Amino acid sequence: ESLRQARAMTGALGRLKPERKGVVDVYVVAIGLDSDGVFGRETAEAARVLASRYDAEGRVIVMANGKGAAGSATDPVVPDGNPDHLAQALGHVAELMNKQEDVLALFITTHGHWNTGLNYRDGERAGGNIAPARLAALLNEAGIKNRLVILSACFSGIFVPALQNESTITLTAASAEKPSFGCRAENDWTFFGDALMNQALRQPVPLPDAFAQARSLITKWEVASRLDPSNPQIDLGPQAIAWMDKIDAKIPRAAGQPKGMPAFGAPPPPPEKAKPAPFLTKP
């Protein structure tokens, strides 16, 4: 398995196209850090949305655990979504891009924790977390200046202060104090992923407008479900507006169609079979 993964990662990095002179290219790095199927499915489709919106075909790498992000018939192995692969991807993209004009679109989806950050779990094989300071260090060490960071996870607002700089835009599924919703393993999307990636970013509208649409939709779903508001966050660095306008100029004029089962109103999972009671002995 280790050899298959090494080859998958090498192949994925090797297929990334170099930047084009005089063009503001967008490189998409999409990663699902938890092996629950919803995160793999969300990662794969979010990458397609970003590639279509920002003319990034050939400049996309998808990494995910579990079977959610199934590979193609010609390339069936998707690199694992783990911290080491994320660091490799960011480092390689930094070597290919023109750091003065090109943009990194980083999408991460997983469970989140109010204290430790983004959870990493590969089934029963490995686990851990990526703290805000660690993610900021990965980006800073790679020297990537223009960054669109989208974090689909509970409590992901804790990353905003660490990622803030003059040319970074950060979108999060929740504030630092709130969980987000829709992350059942059986889902195709989380609430945030569905509202922002699957619906709003498929529309021919600027990024801040898309975020406002997504936030309004999430609020509607949360009210209908009687859930505590997740309070998604947006943080725009003042110099990021210039590159944001340039990549928003790439947006297709025709809206795309949502894919997969909606996060809100999805049918409940099938009932679990009753498990036999464990045999107990007195101490």
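Select Phe 191 and Trp 221 to begin: Phe 191 is buried, and Trp 221 is buried too (buried means under 20% relative accessible area, exposed over 50%, partly exposed in between, with a 1.4 Å probe and protein chains only). For Phe 191 the relative accessibility is 7%.

The model is predicted, so local features need pLDDT of at least 70 and side-chain atom pairs count only at pLDDT 80 or more, while totals for chains, interfaces and linings use all residues. Residues are numbered from 1 along each chain as its sequence is written, and side-chain values use heavy atoms, with hydrogens and water left out.

**Aromatic rings**

Rings of Phe, Tyr and Trp (its six-membered ring) pair if their centres lie within 6.5 Å; planes under 30 degrees apart count as stacked, over 60 as edge-to-face and the rest as tilted. Phe 191 is in helix H6 and Phe 264 in the segment after helix H8 (240-248), so the pair ties together parts 73 residues apart in sequence. Helices (H or I, at least four residues) and strands (E, at least two) are DSSP runs, numbered from the N terminus. Phe 264 is partly exposed, at a relative accessible area of 32%.

Now widen the selection to Phe 181, Phe 191, Trp 221 and Phe 264, which ring pairs link into a cluster. The count of aromatic pairs comes to four. In one of them, Phe 191 and Trp 221 have ring centres 5.4 Å apart and planes at 70 degrees, so that pair is edge-to-face. Phe 191 belongs to helix H6 (residues 191-199) and Trp 221 to helix H7 (residues 207-225), 30 residues apart.

**Cysteines**

A disulfide is a pair of cysteine sulfur atoms within 2.5 Å, and a search of the whole structure finds zero. Cys 154 is buried at 13% relative accessible area, whereas Cys 183 is partly exposed at 24%.

**Ala 47**

Finally, select Ala 47 in helix H2 (residues 37-53). Ala 47 is buried, with a relative accessible area of 2%. Leaving aside neighbours within four places in sequence, Ala 47 is in contact (heavy atoms within 4.5 Å) with Val 28, Ala 30, Val 60 and Val 62. Draw a distance between the C-alpha atoms of Ala 47 and Val 62: these are separated by 7.0 Å, and the residues are 15 apart along the chain.
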